[in-house]
Amino acid sequence: MSKIIHFFIDLSLIALFGCENVGPEEPMEFELLDGPLDGLSVSEQQRFFSRGYGL
């Protein structure tokens, strides 16, 4: 019985602290694009604004 309890405690600790580094980090605020890049063609600009990114 004691081994089962230790197993679940260890599993809980691994799940709690070990999953932080599994996925990619979130981008910083200054790394996010808030508008279209210079040099986009007219069709690319229309596609950008039609998806709601430029609002």
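Two rings of Phe, Tyr or Trp (its six-membered ring) count as an aromatic pair if their centres lie within 6.5 Å, with planes under 30 degrees apart called stacked, over 60 edge-to-face and the rest tilted. By this rule the structure has 1 aromatic pair. F7 and F8 make up that pair, which is edge-to-face at 5.4 Å centre to centre and 70° between the planes. The model is predicted: local features need pLDDT of at least 70, side-chain atom pairs count only at pLDDT 80 or more, and totals for chains, interfaces and linings use all residues. Residues are numbered from 1 along each chain as its sequence is written, and side-chain values use heavy atoms, leaving out hydrogens and water.

**Fold**
- The chain has 2 helices and 0 strands, taken as DSSP runs (H or I, at least four residues, for helices; E, at least two, for strands) numbered from the N terminus.
- Helix α1 covers residues 2-18 and includes F7; S12 lies in helix α1 too.

**Around F8 and S12**
- F8 is partly exposed at 47% relative accessible area, and S12 is partly exposed at 46%; the class sits between buried (under 20%) and exposed (over 50%), using a 1.4 Å probe and protein chains only.
- A polar atom of the S12 side chain lies 2.8 Å from the backbone oxygen of F8.

**Surface**
- Buried residues make up 4% of the 55 residues in the chain.
- The chain's accessible surface comes to about 5,600 Å², with 61% belonging to carbon and sulfur atoms; such areas come from the Shrake-Rupley method with a 1.4 Å probe.

Terms used. Polar contact = N/O pair within 3.5 Å; in protein donor to acceptor, adjacent residues only side chain to side chain.
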